[in-house]
Protein chains: 2
Amino acid sequence: MGKQLKVSIIGSGNWGSAIARVIGQNVQQHSDLFDPTVRMWVFQEQIDGRNLTDIINQQHENVKYLPGIKLSPNIVAEPDVKKAAEGANILVFVLPHQFVYQTCGSLKEVIDADCRGITLIKGLDFRDENIMLFSDEISKLLGIECAALSGANIATEVAEEKYGEATIGTKYPDTDGAVFKKLFHTPYFNISVIEDYTGLQICGALKNVVAIAAGVCDGLKYGNNTRAAVIRRGLLEMRKFGKTFFGGVRTETFFQSCGVADLITTCSGGRNRRVAEAFIHSDKSIEEIEKELLNGQKLQGTTTALEVHRFLVTRNMTEEFPLMTAVYRVIYERAPPECIVEYLTY
Amino acid sequence: MGKQLKVSIIGSGNWGSAIARVIGQNVQQHSDLFDPTVRMWVFQEQIDGRNLTDIINQQHENVKYLPGIKLSPNIVAEPDVKKAAEGANILVFVLPHQFVYQTCGSLKEVIDADCRGITLIKGLDFRDENIMLFSDEISKLLGIECAALSGANIATEVAEEKYGEATIGTKYPDTDGAVFKKLFHTPYFNISVIEDYTGLQICGALKNVVAIAAGVCDGLKYGNNTRAAVIRRGLLEMRKFGKTFFGGVRTETFFQSCGVADLITTCSGGRNRRVAEAFIHSDKSIEEIEKELLNGQKLQGTTTALEVHRFLVTRNMTEEFPLMTAVYRVIYERAPPECIVEYLTY
């Protein structure tokens, strides 16, 4: 690459802001490699009559999505996505997945082919009964290479510099991977680079479905043995899903932060678990429960469960993934929550 | 084997009594294969002036170690270990590991060579700077084949028929494994049989060391990302330990109940975790803390950490197992608890 690489962050939510803080530190640390100014695309909102971008650029704090945490001043908020990305050598995608297509559509004309992308979006893209990885979609939409980052990362803890790990998956670990490692690795945020960007993204999506199953177990007061069994079965189904429907998925990926570590964290504390626990004691639909508990935000685990189920139905393979299927049935067909475990008892 | 197999259980503590309940059900279920009477060796104690064996045989309850749970009447408590084992075709070892040698010494003369053993003892046997598996030790001491069972099994939950899983490791999965599966498998206690009895027993011992590390993280309020990272590193060191020092250890074993599932359970709720959390906020030695919190019972994780450390020192390999080494240093050298994570931050 040669010259200083310009980095742009596309997205500025809770995780986007936390990772902007890491990136802001690292570009200064590696000023030989990176341009010290990092643009961050912020979807413009008004906070007490002020633009969110102005607040970020003046107070160096995303008061809406990561309050109480200072970003370094070299993170520059920009409301126009094209201006935020124009001339960038590295694009960090960290936005809600429903905005990917539209955003890439806007970016297409300002992005060079030798730009590199990396997606921090957790989820898979289900379209026309197929599953696509967001790294592949971004790649196709923009005509650039795209890697992915995932791990056991609660955003606030990363922002508070509590120790954690993450995994980067890229086709080119020695070249692109080395650059991305410099962009994300810090003593408190430990990055490993692997080639299996596919398994990494599958873990990031399907762990949320397993967390719903864990939440159902908690709601039923099933105890530690059951919970551990369900999480383990979930891990096996995540791997089987990857190996069945995608090439290049490796068992080692599940030993990475993006695998077993992220699964453990998500099943312990995440909101998928919490909403599922509330859901089974209620007559309300999952949408209503989500509205009550999450201010109308959608739960990734439930929509993923629905989409995985549709995908498996068209392939006549629901029985091969009994945990994923049970989660779908409990949430969308109102099957008795006990069915989360029943298929295991033979 | 042909005739009905006689089963004896050597041990009757909390886990021994819970598994006796499972076995008592299964020998009746498979009466073609097993003799319906199961002898259980009980170390004799007086409870309110009565023999514990009499209480068990009259009330069908181990009031001391598994109170409130009924055993089936076909479980017969026997205070004489030779009488308990004589003529048995299957011996189930579920006793504190410090009693294995003495007990096998007594059993030697009453056991036939075609008897089969299975050990439920969690731990490794460290002798003369070497590590032995209890299955191998029992095999040698009695001149019989010996398998092993391990899993994410809190005894009380198994006794209450809450769903759980366990793994059996045996050199002969198709023959001995099939018989053991009939002896232990129920709809609420799901057994998988694998060949890697070595990896299975390593997991059962080393998970306790990892749980201490998780407890230290909790004591330091390190958050979910750190905890997940430490558990993941622990899992990797468990595997590396097995693959470095033993033959036949397979990665798949770590996906079994004896692997990742047991590790998750132990790091969530177990007493290793709890004692470690208390230890780092105290000036007392680990022995004093154990005495206070566990009525003087020894913690498996701490002694295992000590023995693993001695083993690694003689091989000059402490640096290759930084998590195991950090646990030893925190507990026995009073190193700052922060060193549980420090080696990870580079």
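**Entry 1: H8 and H11 in chain B**

I looked up how two helices of chain B pass each other, and H8(B) passes H11(B) in a right-handed crossing. The model is a predicted one. H8 covers residues 197-219 of chain B and H11 covers residues 271-279 of chain B. I noted that their axes come within 7 Å and cross at roughly 40°. An angle between 35 and 65 degrees counts as oblique, and H8(B) and H11(B) are therefore oblique to each other.

Next I listed the residues that make the contact. From H8(B) I wrote down Asn208(B), Ala211(B), Ile212(B), Ala214(B), Gly215(B), Val216(B), Asp218(B) and Gly219(B). From H11(B) I wrote down Asn272(B), Arg273(B), Ala276(B) and Glu277(B). Sorted by class, this contact of H8(B) with H11(B) has five nonpolar, four polar and three charged residues.

**Entry 2: H1 and H7 in chain A**

I then turned to chain A, where H1 covers residues 14-29 and H7 covers residues 176-184. The axes of H1(A) and H7(A) come within 7 Å and cross at roughly 105°. Angles of 65 to 115 degrees count as roughly perpendicular, so I recorded H1(A) and H7(A) as roughly perpendicular to each other.

On the H1(A) side I found Ile19(A), Val22(A), Ile23(A), Asn26(A) and Val27(A). They meet Lys182(A), Leu183(A) and Phe184(A) in H7(A). I sorted the residues of this contact of H1(A) with H7(A) into six nonpolar, one polar and one charged.

**Entry 3: The annotated binding site**

I checked the UniProt record for chain A. Its unreviewed entry has a "binding site" annotation that covers Gly11(A), Ser12(A), Gly13(A), Asn14(A), Trp15(A), Gly16(A), Phe43(A), Phe99(A), Ala155(A), Arg271(A), Lys298(A) and Gln300(A). One of the annotated residues, Gly16(A), lies in H1(A).

**Entry 4: The two copies**

Last, I compared the chains. Two copies of a chain are related by a rotation about an axis and a shift along it. Here chain A can be laid on chain B by a turn of 180° and a shift of 0.0 Å along the axis, with an RMSD of 0.0 Å. That is the relation of a two-fold axis. In chain A, the C-alpha nearest the axis belongs to Ile264(A), and I noted its distance as 3.8 Å.

I also asked through which surface the copies meet. Of the interface residues of chain A, 100% are also interface residues in chain B, so the copies meet through the same surface.

Conventions. Residues are numbered from 1 along each chain as its sequence is written. Chains are lettered from A and ligands numbered from 1 in the order in which they are written. This is a predicted model: local features need pLDDT of at least 70, side-chain atom pairs count only at pLDDT 80 or more; totals for chains, interfaces and linings use all residues. Side-chain values use heavy atoms; hydrogens and water are left out. Axes are lines fitted to C-alpha atoms, for helices over the stretch in contact, and angles run from 0 to 180 degrees between N-to-C directions. Helices (H or I, at least four residues) and strands (E, at least two) are DSSP runs, numbered from the N terminus. Angles under 35 degrees count as roughly parallel, over 145 as roughly antiparallel, 65 to 115 as roughly perpendicular and the rest as oblique. A crossing is left-handed if the near helix is turned anticlockwise from the far one by less than a right angle, and right-handed if clockwise. Contact means heavy atoms within 4.5 Å. Ala, Val, Leu, Ile, Met, Phe, Trp, Tyr, Cys and Pro count as nonpolar, Asp, Glu, Lys and Arg as charged, and the others, Gly among them, as polar. Copies are superposed by least squares on the C-alpha atoms of residues with pLDDT of at least 70 in both. UniProt positions are given in the numbering used here, feature names are shortened, and annotations may be inferred rather than shown by experiment.
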